[in-house]
Amino acid sequence: MSTFEIEGGVPLRGTIRASGNKNAILPMIAACILTDQEVVLGNVPDIIDVRHMLDVIVEIGGKVERSGERVSIHVASVRTNEIGQVLCNKVRTSILCVAGLLHRTGKARLHPPGGDVIGRRRLDTHFYGLQKLGAKVTIDGTYDFEVAGALTGAELFFDEPSVTGTEHILMAAAVSRGHTLIRNAACEPHVQDLAHLLNAMGAKITGIGTNQLSVDGVESLSGTTYTVCHDHIEAASYLALAAATGGEITVEGTDKHAYGMCHRVFETLGVKIELHDKHIHLPANQSLRVTREFDGAMPVIGDGPWPQFATDQMSCMITLATQVEGNVLFFEKMFESRLYFVDKLIAMGAAAVVCDPHRVVISGRSKLRATTLPSPDIRAGMALLGAALCASGKSTLQNANMIQRGYEKLNEKLLALGARITQKA
């Protein structure tokens, strides 16, 4: 596992370009199994999780060719409908391949998927949706799926707006017989982007961007060429880290419509960002102070399903809050282990009170000390990297590969912004 050595105390300054969306490209790769024709995807980030998903395509018999940010995927035939344990352990979105395998072969087998350890991550929405569409699900060490003939459309009501659950059932419904109606669906930008890709392949999906999706199934999907949307989680992470270090950056290749609630959270933390159609600018020389509620109460920053604040943006915002004057409560509602990394911030000198697994009060501004840090998951790793950038002295960030599962060219982008960072094997 590689490490980062970081000399803190240097404001991030400069311009970077947003990468392709991690949470969009992973289900898109799985969607390529739905057709025996070639699918060409552009703006594909070169991150570890993408490489693992492309390995899944090769394992089941597909062909993958990559040239820069352009990836060609062609699953002309399916060699096996089982995804091995090694790959399942490496990438959680391996489960999204079930819809395609059921459509192509009538069966699928995989092992419990891996991914970030941020608390319980239930798969019930996947199982519920596939069963409602006519698949038989058996769980006994492995996950086994089978359908007699084609999947059949149905009316579904999700008990939670699961992102991957919505993506998975949307893929299955696209090639099911008849009509499917999905209520309480997730509608994040990456879910919308997957739906647009499926429509480009010949699917008939309406209601995109809402929590009710209507799908008229088709017998088959065709190949297409499609450009993946930008990663709003990545962009917000760099903006938060730059603000925490007192810097000034511009993130290019963005879409301002993806930052409504994120913008409100920056405002709560006293950070001014300028949203433009295709870029975001963080001005220099800001005096950061928490904006209290109108009645003087401490503000609460909580996450939730789109268009609420994204859980994946929570960690870096907590690091930013340590460098802002005032008190703020963060309420992580979705994952009970997301906030465990705050203990490391406290060890670095942050004034924080962990109320319970879901809530933490940050009192800034704190002077952080350099230390040796872990990378427990993608987002916490990025947040701790940000803390190291703020700290006085040299920090060592272990297991840097974990962060690079979700952030493309991390070392290069930080160097371009003036960070004093060295990656070592």
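The largest cavity is lined by His232, Ala258, Tyr259, Gly260, Met261, Cys262, Trp306, Gln308, Phe309, Ala310 and Gln313; on a 1 Å grid over the protein atoms alone, a cavity is a set of points where a 1.4 Å probe fits but cannot get out, and lining residues have an atom within 4 Å of a point. The model is predicted, with pLDDT of at least 70 required for local features and 80 or more for side-chain atom pairs, while totals for chains, interfaces and linings use all residues. Residues are numbered from 1 along each chain as its sequence is written, and side-chain values use heavy atoms, without hydrogens and water.

The count comes to one cavity of 30 Å³ or more. The volume of the largest cavity is about 50 Å³, taken as the space filled by probe spheres set on the grid points. Helix H9 (residues 260-268) gives the largest share of its lining, three residues; helices are DSSP runs (H or I) of at least four residues, numbered from the N terminus. The lining has seven nonpolar, four polar and no charged residues, where Ala, Val, Leu, Ile, Met, Phe, Trp, Tyr, Cys and Pro count as nonpolar, Asp, Glu, Lys and Arg as charged, and the others as polar.

Helices H10 (residues 314-321) and H12 (residues 378-390) pack with their axes 7 Å apart, at an angle of about 20 degrees, the axes being lines fitted to C-alpha atoms over the stretch in contact and the angles running from 0 to 180 degrees between N-to-C directions. H10 and H12 are therefore roughly parallel (angles under 35 degrees). In the contact (heavy atoms within 4.5 Å), Ser315, Cys316 and Thr319 of H10 meet Arg379, Ala380, Met382, Ala383, Leu384, Gly386 and Ala387 of H12. This contact has six nonpolar, three polar and one charged residues.

Methods
Helix = DSSP H or I, 4+ residues; strand = E, 2+ residues; numbered from the N terminus. Parallel < 35°, antiparallel > 145°, perpendicular 65-115°, else oblique. 1 Å grid on protein atoms, 1.4 Å probe; cavity = no way out; pocket = protein on both sides within 12 Å on 5 of 7 lines; lining within 4 Å.
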